[in-house]
Amino acid sequence: MDITSPAFKSNVKRAIGDKQLQRAMGNVKVGFVKKRAAARENLPEFDQLRDQARDIKNHTLEHLDLYYEIYEKKVEATGGSVHWAATAKDARDIILEICQAHGARTVTKGKSMIAEEIALNEHLEAAGITPVETDLGEYIIQLRNEPPSHIIGPAIHLNRDQVEASFRAAHTHLPDDRSLEEVSELVDEARQVLRQKYIDADVGITGANYLVAETGTSIIVTNEGNGDLTQSLPKVHIVCTSLEKLVPTLEDVSTILRVLARSATGQEFSTYTTLSTGARRKGDPDGPEEYHVVILDNGRSDMLGTEFQDMLRCIRCGACMNHCPVYHSVGGHAYGWVYPGPMGAVLTPSLIGIDQAGHLPNASTFCGRCEAVCPMRIPLPKMMRHWREREFERHLTPRTVRTSLSLWAFLARRPALYHLAASTFIRALKLLAFGRSRLKSAPFAGGWTKYRDLPMPSGRSFQESWRAGGDE
Amino acid sequence: MPETVPKVGLFVTCLVDVFRPGVGWAAVKLLRDAGCEVDVPRGQTCCGQPAYNTGDRADTRAIAEKTIKAFEPFDYVVAPSGSCAGMLKKHYPELFEDGSALKASAEALSAKTHELISFLVDIMGVEGVDAAFDGTVTYHDSCSGLRELGIKEQPRKLLATVSGLTLEEMEESEVCCGFGGTFCVKYPDISNTMVSSKVGHAGETSAGLLLAGDLGCLMNMAGKLKREGSPVEVRHVAEVLAGALDDPAIGENG
Ligand code: SF4
């Protein structure tokens, strides 16, 4: 998928001007927030579970090699195979090769952010294989040829009318006069269209929320049950995932699951939690004949041992974006790649480079709401600041910002000079204000006065009046 | 409550120093009323957030060193801002290497630094103020104060003792106003969306006065309200608690 992160500012302008998107975002900012708050309220040990979940992932990341050794053996022992993909290209090639080895013409897909990250659909299509998304949200955006705008609700930026229009345009074999007024009718229609696809598919591709070392199991969590059919009906099941998904035991998974759905949608548990272990054994009534796990690195192992390691705890619940006022203002597409919101602002620069994604960690007020709700207690603002530090070190910070900052810092390090400058600044502002209590425009603060007035100083500096020994 | 008269160094903050010195005086009054001895060391400038949040650690450290030194003689450091107090308390120690002498000094500063209103309530045990305000107000919870320092009940507790004052909560009082320091000029379009939503919520209440504990947020919200022609006025919470209402509200004509 094309990266438009460098054009973040123009993406933002477009998003803010998009009335329909703004309405959709209005729903996000109320709905998710209330549901998570209620779920948290109902589970007194919620915050303790967050600590445990954090510790489980930290422990795993510290011993990743050890646990992967166990995991790989288990997968092989259960008749599956593990494939390591250093880059997105490697992952695409591995998956394509498996599909081609089985002469695949259609593949069904469960929801997978890693498949988005490696732009799998485009790659399969180019090779003459038709990918069919089976998650409703993913199906909708596939019809519309759009990227997801949210990691758990890929079509959250759309309204019902837009979905209806896409269905009518795509499902031309159905009668024109059918009713699609109700959301349930849309869901039914998607189910009906997809049913045959499940049966026709040669390969099923899913993501994985977790990989379990002790059993070699991969786990997906869905609300639609689409993942089950995707992975059990075709002859081949490919799990498309990334290396930070590993946890040691099933017990660990159950701890993390207790915070996942509550943080994401406010549910106690997602409707379906599906465990897959290996290929079909003799005597099994169903299941795939082949089970492949493709594990993507794509820059993640470089994060280990750095100030960005904590980001690898992320379980993709979406709570950070659900609570982010910047995300609420601009939606997911403005971020310009696969991962939006606060988690994207930290992860995207790691995966595509800070030179491309520089705006993302900068477009934050550090309000801290993301960190406050992150079930894995990832210090997102702190890591966005680390990206700004890397930018500053590499002189990627815009020159105008650097120049004014260094002038200001020069003064801030010299109190006597600083106080003099403050008094002079106030006098200059007062001259400019000409007796007014606020300015409608100011040449030095265009970003401010574009949208708001600039209140003027109400007297001489506090330091000056304090030294003068009294109140004004 | 401390047994001897505590010596408080007021960290004025750069915005209060330049734009609204009255907030500094209100802080001085509240601290003195609570039984503190107040001084304002001249060795202070800004807490360093503009540099820190731009990724410039070297300058931030240099500024932090000045601040640490300026406040060495005091029992407490108090700032009329959750954001600046949070910087001194939560972020200064992160600037220095573990085990270094400067880290130890930064930690010592951190331990004695407080935001004004929480200092009055939590440390000085202030139960109420001697002030009056006739009208309804609403209160915005600024982010750093709320989430870094846990300031939520303290201002409400003291506001409840202002005679004649009614507090009416607004929707989403805990959501960021869109100021974010340099954020508001770097990403003006996003900032505007956020502050529009914020003043919208303030306007839905019957309050004629919007309060908060951070001047950056206050100037942002006041600037937006005035641009929209709203009659809602904006003040720092300390002004109301100190009964310091002689200055016109932020951005208003005298
Ligand atoms: S960063 Fe935290 S809140 Fe955001 S998606 Fe990941 S786990 Fe969820």
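Let's start at a single side chain in this predicted model: Trp84(A) counts as partly exposed, with a relative accessibility of 40%. That label follows because the partly exposed class lies between the 20% limit for buried and the 50% limit for exposed. Trp84(A) sits in strand S1 of chain A, which covers residues 80-85.

From here, follow the ring of Trp84(A) to its partner. Tyr68(A) and Trp84(A) form an edge-to-face aromatic pair, with 4.9 Å from centre to centre and 75 degrees between the planes. The pair links distant parts of the chain, since Tyr68(A) belongs to helix H4 of chain A and the two residues are 16 apart. Is Tyr68(A) buried or exposed? Its relative accessible area is 6%, so Tyr68(A) is buried.

Tyr68(A) has a further ring to show you, that of Tyr71(A). Both tyrosines lie in helix H4 (residues 64-77) of chain A, three residues apart, which is about one turn of the helix. Tyr71(A) is buried, as is Tyr68(A). Their rings make an edge-to-face pair too, at 5.9 Å centre to centre with 85 degrees between the planes.

Now step back to the whole model, where the count of aromatic pairs over all chains comes to 16. Ring pairs also join residues of both chains: Phe8(A), Tyr327(A) and Tyr335(A) are linked with Phe183(B) and Tyr187(B) into a cluster.

How many residues does each chain bring to it? Chain B gives 69 residues and chain A gives 66. Together the chains bury about 6000 Å², and carbon and sulfur atoms supply 61% of that area. On the side of chain B, the residues that lose the most area to chain A are Trp25(B), Arg42(B) and Arg227(B), which together make up 13% of what that side buries.

Polar and charged groups take part as well. Between chain B and chain A there are 32 residue pairs in polar contact, and five salt bridges cross the interface. In a salt bridge you can look up directly, the side chains of Asp189(B) and Lys450(A) meet at 3.3 Å, N to O. As for secondary structure, helix H11 of chain B (residues 188-204) gives the most to the side that touches chain A, with nine residues. Sorted by class, that side of chain B holds 31 nonpolar residues, along with 19 polar and 19 charged ones.

Notes
Residues numbered from 1 in each chain as written. Chains lettered and ligands numbered in written order. Predicted model: local features only at pLDDT ≥ 70, side-chain atom pairs only at ≥ 80, totals over all residues. Heavy atoms only, no water. Contact = heavy atoms within 4.5 Å. Buried area = accessible area lost by both parts, 1.4 Å probe. Salt bridge = Lys/Arg side-chain N within 4 Å of Asp/Glu carboxyl O. Polar contact = N/O pair within 3.5 Å; in protein donor to acceptor, adjacent residues only side chain to side chain. Helix = DSSP H or I, 4+ residues; strand = E, 2+ residues; numbered from the N terminus. Nonpolar A, V, L, I, M, F, W, Y, C, P; charged D, E, K, R; others polar. Phe/Tyr/Trp six-rings, centres within 6.5 Å; stacked < 30°, edge-to-face > 60°. Buried < 20%, exposed > 50% of the residue type's maximum accessible area, 1.4 Å probe, protein only.
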